[in-house]
Amino acid sequence: MELDGIVDLTTYPLEDQSFRARCRAALNEKGVLVMPGFMTPEATESVRAEGSANRDKAYFCSQNHTVYLSAPDPAFSADHTRNRMVVSSKGCITDDQVPDDSALRTLYNAAVFRDFLCETLGETELHDYADSLSSINIHYAETGQELGWHFDNSSFAITLMIEPPERGGSFEYVRDTRNADAGEMNYEGVAQVLNGRVEVERLSMNAGALVLFRGRNAIHRVAPNEGARTRMLAVLAYNSKPGVSLSEEARMTFYGRTG
Ligand SMILES: O=C(O)CCC(=O)C(=O)O
Ligand SMILES: [Fe+2]
């Protein structure tokens, strides 16, 4: 499939400089940019069918982790926000399990898409992961599965909704909850979120929606999937430098293997 059969280039003219500038401004202002119908219905359906056919290859795991995604700190009590545990459970297939001719791979590799991402995200370069697993992933969330509240380690995430859940499974976030670079963890504010005392924002994503999200300082979660249909989401991961692999430890955690 050619890129113009994969992306709605009429609505989203990826090459257009003023379009890129508008996307960049919107992302900087809101911390998130959702593009509904970014992937064409035909391409989305082909990726959904691939994802569905490969679901039995997915590595499913459930983890307890802190919202900061770092090991508990013994300097704080077990019930302190720093050490409070949340649960994440999902399945995942890796780049080497995504077909070579997948529309997802054509999109991931397309120079015009990378240039668009670079300018929108304010990055100079974006590269594939050097290992064979981490560049393109598909995440699966079955009934009852969820992603607990957390902050991302990376400054941006690029995702494509392939199949939204029937009910539940919504992406929820609270902007500017902490300032990681200043070392400000905002335990008080994070506790309020964990205790359900903060009004959260929710993203509505239909099949084919591209989402750019800055999750380093915006705490976020995916609520439990309450329907029978599997939530399927593609994650397109890039590095600002060439030749970088995801750490072996992270690969073991997320994929159950290193290669
Ligand atoms: O599933 C999603 O929509 C977001 C996933 C996410 O937050 C993550 O993988 O860090
Ligand atoms: Fe995240």
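The legends below describe close-up views of a predicted model. Residues are numbered from 1 along each chain as the sequence is written, chains are lettered from A and ligands numbered from 1 in the order of writing. Local features need pLDDT of at least 70 and side-chain atom pairs count only at pLDDT 80 or more, while totals for chains, interfaces and linings use all residues; side-chain values use heavy atoms, without hydrogens and water.

**View 1. The whole protein.** The protein has 7 helices and 11 strands, assigned as DSSP runs (H or I of at least four residues for helices, E of at least two for strands) and numbered from the N terminus. Its radius of gyration is 18 Å, close to the 18 Å that the globule rule gives for 259 residues, so the protein is as compact as a globular protein of that length; the radius is taken over C-alpha atoms, and the rule is 2.2 Å times the number of residues to the power 0.38. Along the principal axes, the C-alpha atoms fill a box of roughly 55 × 40 × 40 Å. Of the 259 residues, 50% count as buried (under 20% relative accessible area, 1.4 Å probe, protein chains only). Contacts (heavy atoms within 4.5 Å) between residues at least 6 apart in sequence join residues at least 24 apart in 85% of cases.

**View 2. The surroundings of ligand 1.** The residues around ligand 1 (a heavy atom within 4 Å) are His139, Leu147, His150, Asp152, Phe171, His220, Val222, Arg231 and Leu233. Polar side-chain atoms lie at 2.8 Å from a ligand oxygen for Arg231 and at 3.1 Å for Asp152. For His150, a side-chain N or O atom is 3.1 Å from an oxygen of ligand 1. Such polar contacts are pairs of N or O atoms within 3.5 Å; within protein, one atom must be able to donate a hydrogen and the other to accept it, and residues adjacent in sequence count only if both atoms are side-chain atoms. Taken alone, ligand 1 exposes 300 Å², and the protein buries 80% of that (Shrake-Rupley method, 1.4 Å probe). Strands S5 (147-150), S10 (219-222) and S11 (231-236) each give two or more residues to this shell.

**View 3. Leu210 in strand S9.** Leu210 belongs to strand S9 (residues 210-213) and is buried, with a relative accessible area of 0%. Beyond its neighbours within four places in sequence, Leu210 is in contact with Leu33, Val34, Met35, Phe38, Phe113, Ile158, Thr159 and Leu160. The C-alpha atoms of Leu210 and Gly37 are separated by 7.7 Å, although these residues are 173 apart along the chain.

**View 4. Helix H5.** In helix H5 (residues 111-121), the buried residues are Phe113, Arg114, Phe116, Leu117, Cys118, Thr120 and Leu121. These residues pack against elements including helix H2 (17-30), strand S1 (32-35) and strand S9. Just after H5, Gly122 has a positive phi of about 75°.

**View 5. Helix H6 and Thr177.** Gly189, Val190, Ala191, Val193 and Leu194 are buried in helix H6 (residues 187-194), and the buried residues of H6 pack against S3 (85-93), S5, S7 (171-174) and S10. Thr177 is in the loop between S7 and H6 and counts as buried at 5% relative accessibility. A polar atom of the Thr177 side chain lies 2.6 Å from the backbone oxygen of Val174, and one lies 3.1 Å from the backbone nitrogen of Ile219. Beyond four places in sequence, the contacts of Thr177 include Val190 and Val193.
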